[in-house]
Structures are given as structure tokens and as C-alpha cells.
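Subject: Structure handover

Hello,

Here is the structure I promised to pass on. Please have it open while you read the notes that follow.

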Amino acid sequence: MTARIAGNDYRSLTPPALGSWTPSLRVSVVVPAYGDQEKLDLALAGLAVQTYPAALTEVVVVDNGSSPPLRLPALCPADTRLIVCPVPGRAHARNAGLAAATGDVIHWLDSDVVLDRRSVEAHMRWHHAAPYLVVTGYLRFTPAGLPAPEVIAAADDLAKLFEPAEPHAWLVDLVERTDGLTANPHRAFSLHVGGATSVNAALLAVAGPMDTDLILGQDTEMGYRLAQAGAVFVPEPLSRAFHLGPTMRMRDKAPIDRVSHAFVADRIPSYRWLRSHPARQWKVPYVEVVVELAGRPGKGYTYDEVRATVDAVLAGTLPDVAVTLTGPWDRVGAEGRSPLKNPDLDLVLIRGHYAHEPRVRFADKVSATSAVPALPSGPPDGSAAPGPAWAVPYRLWLPAGWVPGEDTLARLLDLARDEGYGLVSVLLAEEDDAAGGDGDGGAGGAAGTGSGSGSGRTVVKARLERAAAFARAAIVLEEGEDLDDAVDDTFGVIWVDGETYGFAPEAGVLTGRRGAYRARAEAAAEVARLTKEAERLREQVAKWRDEAGRWRRSTVELRREVGTLRRELAAARKVVQYGLLSSVRRAITRRR
């Protein structure tokens, strides 16, 4: 039974302790190199003394057109080969080494990186635990002078030779702020760096070789495709290595990011911040919406139903979308003299209406997301083209005639991404079997129908599928198990109500760009008016506050005057009373 890992939480695995286990997998260490024979000699010296069995280790050094040509030194692993790749570029050299490799695991290694003697073993113990892992060691960048290869081979601790050194800062930061890539693992694939990363060879065969059209960022782009193929990314602190000198990125980060981002934005939909343009299209879209024309017994969907669905998808707040219409397009031929009598008129209308829309393509059928190929048994041959169709991270199966709201796709994708779900099933309606269909609505099937529980009713649904989740599920799937159950185990499945997310059974009024612009302009004008009114009210309130302050001051003064008058009145009363009493006394005295 293949071990199951939920999300990227590899902590459910327990790899064996170093030195206490018996390995069986072969590893191919692929070392692309261009010049700098001295550093290559040190890298090979470090490989020659690894604790992983030499009988299970091969090294493929790829000379990428060095002048003078590179050579293999005396101190190197026994099974070391030197091949030549005359086409310049690290991606070409990597692919040449990948094609020549025969191991169960491919370990990328730069020619200026020296591995600690336990590093390969630290990687390989993980690969024995699960067949879909990507393991990266911890690099440190040293300014130290270069020792002799024999010194490298004799050292029990490379730190004594190369410290002080700088850590791989951004990698360490990524690992630390994501709890070892187990929390919020959306960018875990960024861990795939070429300096010291190992990958299951079968997983690489599914993902495909390096993209040679990229100038920079090839490692990250391959990491993304590995994630789409179901990979789990593991940082391994026991695998230590020293990079001889700083990297090009450490010297020129800003210009390198500028070049890299210009290309990877087209290929990595997960980098949403690189796709901030409100209307641009990209090589790999964020979501593919599959609308199947055939979905009801005895008939398909009409032009009006298909157009209502497709137009709403294309007019939504998420422009990073592609639409695939599946149907018998081979029946659409040259139109005759009586187009209104054509039994395939709706097909003709659909094809003609979207023939020149670049975001819409036509296909006889679409392979289910569940058809992401399972891991093959043999090593990769390096012939697969990069960027397979399932590099699109999400696919929505949507029955024609159901119309998403303007923000529906974006909301569903936010739910799937933020909560990490592998499948979001959307309940659209329940229909009588006579009105609906009798399909089972399984993964990749007609999304519009799904069998009920013997009640004579059919569930109409849409399915938002995460490609990486279905790829992982296909790897761990047991015989007789439903694929959705495996997706639930590894990523999670949720049902939501279609009406809550804005789906409607009929077309609404679409807001075009001009209309949206006018609405924004009107909203901005209203905001300006309300802001001005609020400012006027603030000024009025300030005026009232000043007036109230004056009233309070007047009240205090009045209170003081009243107090004075009261005191004067009391004094006057006393004087009057005293004077009256004295007069009475004098009158009494005189009478006596």
C-alpha cells in the first residue's frame, strides 16, 4: 500500500534513522557543468565518500560545451560517466543527464556544490518511504578558499573547511514561516532548486523534463509541474551542502527576478501576483472550464444553452480562464443550401460563433482529470514535452445551460485554494430521471448529471477539480477504490449549493467592459459625491461643536453669575432680616 500524505504534511511518514536501514533504490546524481574543472573535482570528491551504498549510486556528469572539455578526476564515485551536451543552457544539460540516468531517483547537483557525506542517504531514506516526494537539502554559501579533493574526501565535517558561510536565506524563510511547508503549502514547489534536490524518477517522467524555452526560473517551473503531478515537497535539514561561492541570484537578485518573472508568469498560474493584468491571457490558464455538449439521453445541448454558459464564463471577473467545448465536431462540414434543415445546425452555430475566440477550443472529448498518468515503473526517457495539459491547476466540469454569476468562478477557486480542497462539487438542481440524465457524473464524466439514491431523481452538478489532488489520488489509489474517496483522503472534498455561489439556470444580462467601465465611473462619481458630502457634514459637525463649546462656556458664566446673585441675595436677606429685627427691638424698648 502506498503511503498517503494529506496536502504537503509529510510528517505522517517516519523515515529510518541514518545508518540504521538497508536501502534498495538506485539514485542517479545528475551534475551539469560548464567549465571550472577545479570545483567539479571537489563536488565529485564529496560524492565519492557518501554513506549511501556505491552499488546503488551512479553519477552522470554533463559537459555543456566546456572549452577545454571537462574530464573525470581520479577521485570520483566508481559508477561515474561523462557525457557531452553541445547545446548551451543548463536546462538542455539537465535534460541530457536525465535521459542518460537509470536510477529510481534523480538527484540534481550543481557542479559547484559539495555534499556532506550523509547527504544522499538523508535524501534517499525519504524516497523509500513514498514514491512521490521531492526532497531538498540545506545549502550554505561559502567564500572559503578551495581545498584539495583529498581534503574533502577525508573531512568528517565540511563545516570545518567552509564555515563561516551564509544560509540559503529565502529557502530557510519559506520553510520556517510555513512550519516546514506543512502550513499554507501553496508555494511548496518553490523548494525545487537545482543545487541539491532529489526527485523520484517516475514522478519526473510524468511531469516532463525542464522547459528549455525559459531563460531563468527553470527549477521553479519544473517544481510547479511536479506539484501538479502529485508531488510532496520535503525540506531535509540532515542533508547539508556547501555552495562554493555566492550564486548569481545572490549577486543580482533584482535583475534576475525581473527576467525570471517575465517568463514564469506565463507558466505558473499559482503566482497570482504576477498575473495582475485585468484582461491578459496566459500560456497556462488558471482554470479550464469543460462544457460537454452531449449530456442528455437522446439529445445534446442547444446553441442557446451553450452560448449562455460560455459567454457568462468569459465575461466573469476571472479572465485567466480557458473553455473547452466537447462534442462531435467531425459532423460539422461545409454548409449546404438549406442550413435551417441541417440536423446539426446547433453544432454549426456553436462552432461558428466561437471559431475565433482564442479562449475557446473544440475537442471530441477531454481526458478526465483522473486520467493524469499514474507513475510508470521505469525511469524517464527525457522525451516528454514540458507543460502537459494538466499543468492547468483547476478544471471545472459544467453542464451547458447553467450560467455562472460574474464572480462565481473566482469564489469557487478561492474556496478550493484557501481551504486546500481537491474537489468542490456544486449542487445545481435535482431533476426527474425523464428530464435529466442517467450518467453517474463521476470524475471527468458529464458534470451535469449524477445518479440519485433510487428516488427517481437525478442530481445536476458541476465539479471543480484540483489537478494536483487527482494526480496524488491516482498514485495512492487502491484496487476497487473510488478516486473521489482517495482525493478526500489526501486533499478533501466538499459540496456547496450552486445558488449560493451564483449559478442560475438561465442567462442574465452580461456586463460588458464598457458597461463595467461606466459602472465603475458612476461608482467613483458617487464615492466622490459622498466623500464631498461627508466632508461638508464633518465641517458642519465641527461648526456645531464650536457652537456647543461656546454654549457650554456661556452656561458656565451664567452659572457663575447666578451663584453670585444668589450669594448677594442671601446677604441682602440677612441685612434686611437683621435691620428689621433691630427696629423691632428698638420699638419694644421705647414702649417700656
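Two strands count as paired if DSSP finds at least two bridges between them. That rule applies to valine 134, which stands opposite valine 199 in strand S8. Keep in mind that this is a predicted model.

Strand S6

S6 covers residues 133-142. Of its 10 residues, 8 are buried, so the strand is largely enclosed by the rest of the structure.

- With S9 (residues 232-244), S6 runs parallel, and the pairing spans 10 bridges. Here valine 134 stands opposite phenylalanine 233.
- With S8 (residues 196-200), S6 pairs in the antiparallel sense over 3 bridges.

Alanine 196

This residue belongs to S8. Is alanine 196 buried or exposed? Its relative accessible area is 2%. The cut-off for buried is under 20%, so alanine 196 counts as buried. Leaving out residues up to four places away in sequence, alanine 196 touches His107, Trp108, Leu115, His123, Val135, Thr136, Gly137 and Leu139.

Aspartate 41

Aspartate 41 sits in helix H1 (residues 37-48). Its relative accessibility is 11%, and it counts as buried. Its side chain makes a polar contact with the side chain of glutamine 37, at 2.7 Å. Beyond its neighbours within four places in sequence, aspartate 41 is in contact with Arg71, Pro73 and Pro149.

Helices H14 and H15

H14 (residues 467-476) packs against H15 (residues 483-490) at an angle of about 110°, and the axes are 8 Å apart. Angles of 65 to 115 degrees count as roughly perpendicular, so H14 is roughly perpendicular to H15. Which residues of H14 and H15 make the contact? H14 supplies Ala469, Phe470, Arg472, Ala473, Ala474 and Val476. H15 supplies Leu483, Asp484, Ala486, Val487 and Thr490. By class, that gives 8 nonpolar, 1 polar and 2 charged residues.

Regards

Note on methods:
Residues numbered from 1 in each chain as written. Predicted model: local features only at pLDDT ≥ 70, side-chain atom pairs only at ≥ 80, totals over all residues. Heavy atoms only, no water. Axes fitted to C-alpha atoms, helices over the stretch in contact; angles between N-to-C directions. Helix = DSSP H or I, 4+ residues; strand = E, 2+ residues; numbered from the N terminus. Parallel < 35°, antiparallel > 145°, perpendicular 65-115°, else oblique. Contact = heavy atoms within 4.5 Å. Nonpolar A, V, L, I, M, F, W, Y, C, P; charged D, E, K, R; others polar. Buried < 20%, exposed > 50% of the residue type's maximum accessible area, 1.4 Å probe, protein only. Polar contact = N/O pair within 3.5 Å; in protein donor to acceptor, adjacent residues only side chain to side chain.
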